[in-house]
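Reader: I have a structure to look at and have not seen it before. Can you walk me through a few parts of it?

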Amino acid sequence: MTLFFRPTEPGSSTSPARSVNWGYAAGGIATIWLVLLIAMPVGVIIITSFYNEGFTLANYRDFASSASLLRATANSLTVSMGIALLSLLIGGTLAFGVARTQMRFKTLVRTAMIIALISPEFLLAMGYILLAGPNAGYFNVALRAFFSLPQTSGPLNVFTLFGLILTALPNGVAYVFLTMAPAFSNMDPALEEAARMKGATAFGAVRDITVPLMRPAMLSGALLAFATSLAMFGPPQMLGINVLTVAIRNALINLDFSLAAVAAIVLVGLSVVALLIQRLSVRHGERYRTLGGKSFRARTIDVGAGTHALSALGLFYALMALVVPYGGMLTASLMKSIGNGFTAGNWTVENYVVIFTDHAIFRAVMLSFSLAAASATIVVLTGIVVAYVVLRTRLPGRSILDYLSVMPLAIPGTALAFALVVAYLNWPLNLLGFYGTPAILLVAYLARYVPIGVRNCQSSLLQIAAELEEASRVFSAGEFKTVWNITIPLILPSIIYTWILVFILAVPELSSSIVLRGFGTQTVSTALLGIWSGNGGLAVASAFGISLFILVGSLFGAAAIILKRSGKLKGLQLG
Amino acid sequence: MDKRSLFKNTGLAFALLAGTMAFVTGIPARAQEGTLKIYSSSPDQFLRPLIGAFNKIHPNITVEVSVQPGEELVSTIELEMRANSPHADIALLNEASINGLQSRHKTWEAYKPADFSAVHEEVRDPANIVIPACINPYLIQYNTNKVKAGDAPKSWLDLLDAKWNGKIAMADPVKSQSIQSFIWFIATELPKRGVAGFGWQYFEKLKGNDVRLEGSHGTIRDLTASGERPIGIQLLANGQTSANRGDPTAIVWPKEGSPGELTAFAMFAGSNNKPAAKAWLDFVVSKEGQSLMPNALGCAPIRDDVDYMFPGGTAVADVKIVPVNSAFIIENRKKHTADFNKAMGR
């Protein structure tokens, strides 16, 4: 580092040459890092999709002629669009209710949203399978008994496309809610009042004024719900639904890399198309500005009887996203044999004893925590460097670096992990010996979460006027000293926020881990899926799921306390 | 030779002798130490009783187990072999998978366990690559709360009855290695024996009964036990462990017979702890290890001198077990899976 930060004479400013050196160094490091982490795996997927003992389009032809893969594509699209639309409907309505009306249970709704967001999707899927399995699901058994239905199956069936949509819906709703609630809060009510003065009803003002202005937030939330649904692996795998992520995994099991690559390309393509549609839809940003120079006070709207409907919807969401699935799982976790049901003598805490005494589970938990801590730290450091290069230097090609850093947003974890398998099994990266070790998991996690680090650090850095750093230089500080003493302390809350967010997301990561698992690379999520898939049974899996939920929830609670103090949890308050 | 050189040579001889003794005595010490890594297609809870008994004999060997559904495990090992970097010392798979990996990568190293002569001759591998652990036949498992004993299916053909629509689960050959044995039996072996109603059309009809395909037999065991899929096309291992766990399940030996695959261990040629791996293989075929098999891996022992009855008190002689043609399965695995997928309309 001394190469770039030589001490300067008092009163003299840092020479431009030295700044350029530092900027180039940071740019060089960031470029090499992002190429290794992101560009190379993406390149591997593209090349593999066109390769089969030479350049060919046969892999694409095979994909197009496979009824199973086309169905997987159609299923992926149906499920993702279904989740996005329903999430928009429910999440948008609840965001409006919480931000702009006098609906009840606002705290409960906010809490349920946060819990849904931090709940791994496969945990919710476990809960819903126990409840809505057509033959023995607790809901179905109760419904058949209550209504004296003669049938032995149904009426609900979680093992369907619609079941998958409902299973993943709480997460999608949470994404939309957390995107739209701040947007609703930031809207000047004078716009709606003007409409009312012109004779519009409350509903009409919301329809004609509020909803159109919310379009960017709506599209962002829906896109997030769409992209995360497209990338999910656990719920479709558990429900036995043929989607693209499952197809990639199955192709890999059969060592059919070409087919896996094409499926990955299709999956990434769908994400990119959705991203482009969203960008195009909001390209005239000035149309959606709701915050001007004049201050305003957020006011609620009286929506009459709609208030009760919103309260009921909020309560229903909290029940479905939180109480019902985790309640089902908690019940199952306390049974000796799920088949013996709610009978005396069938209750036990032995499943929790198994969880807390099993060495393999302990190792998996330790590995997940180590990986999450390492990922969070490196993601934050990468985020700072890339954000600095993009926003504070004039390096040529820095916008490419910016795009490169956010590219993984469009790459599902399964596809990324597949690319790493291919890359690290072949020369020259096979020389590193990463394949089959925790190192390859770390690479996967870093690639997945780098966009979070870069985006958070960029948004924080944008809020800091460059004059502050310039003032530091005027007072003789070098670049490094300026960054260390001025920039870092100012963006510290964002750094902490990013670290905790990445940590919490990485602990239960599944879609990459499942592809890369082997000896010594079992994480909490793959261990849990293994237990659910027979290596322990449903009751032990439920105990593990509840324990994991409490663990992740506690971590988030701790994070919330820290962030509340630093004021960085805007829109995400617990309680 | 002068005195000085005599002392010098004697000293050297003593040093060599001491070194040799230390080396020789050090071998058994090393054999009882370190970590033994087992890749397993069976749940690690099945291995716990075996590990417990093994550790009584070898207390300084730490046994670690990594579990994946069979076909996924084969794929993991395949990739590790491509990277020339096996991460375990031994693996628990079926005979076909072990032989398949050997033919492609020379994955395993031969080892003839101690007391191997007491093992049934017909399950001994002449090449000493496949070290048999137990015999694991297919059967029908059902939930006794949902299906009355008198009403339970008695044959594989009974599963095609419309009354079981939406009630049956079986393993998916995309993820499970063992189900290949069942597919071979239904699609190839029974038609070859002239038994009517079998062949690929059997699976087409099973698809018509909305059979559910699962990644592992352990999942099927749990779905059957919970009543979610009250009937499972199952391996003995899960039928037996389900009974041991107190689940409300029972088993049926179908009248057409049961394909019985060999569940076996094999030692990686690149194992980092071969002394421990060999000690494990010795233990597995030992009388003590074999007597634990029904309660551990849940399948039938392979020694002549270990008494065994199937769950429910059925004598081994009363069950028609058909030895699986693993060579045929190795050769036809991909085609089998493709034909099965076609029959299942996917």
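Predicted model: local features only at pLDDT ≥ 70, side-chain atom pairs only at ≥ 80, totals over all residues.

**A surface patch, a serine and chain B**

Author: F105(A), L108(A), L315(A), L319(A) and V323(A) form a nonpolar patch on the surface, together having about 370 Å² of accessible area. Accessible areas are Shrake-Rupley values with a 1.4 Å probe, and for residues only the protein chains shown count as cover. Residues are numbered from 1 along each chain, chains are lettered from A and ligands numbered from 1 as written, and side-chain values use heavy atoms without hydrogens or water.

Reader: Which helix gives the most to the nonpolar patch?

Author: Helix α14 (residues 306-333) of chain A, with three residues. Helices are DSSP runs of H or I, at least four residues, numbered from the N terminus.

Reader: Is S511(A) buried or exposed?

Author: Buried, because its relative accessible area is 8%, and buried means under 20%.

Reader: What does the side chain of S511(A) make a polar contact with?

Author: The side chain of R448(A), at 3.1 Å; E509(A) is joined to S511(A) through side chains at 3.2 Å. A polar contact pairs N or O atoms within 3.5 Å, one able to donate a hydrogen and the other to accept it within protein; residues adjacent in sequence count only through side-chain atoms.

Reader: Changing topic, where is confidence lowest in chain B?

Author: In helix α1 (residues 3-31) of chain B, at a mean pLDDT (the predictor's confidence in each residue, from 0 to 100) of 47.

Note on methods:
Helix = DSSP H or I, 4+ residues; strand = E, 2+ residues; numbered from the N terminus. Patch = residues over 30% accessible without salt bridge, like charges linked within 9 Å, V, L, I, M, F, W, Y side chains within 5 Å. Salt bridge = Lys/Arg side-chain N within 4 Å of Asp/Glu carboxyl O. Buried < 20%, exposed > 50% of the residue type's maximum accessible area, 1.4 Å probe, protein only.
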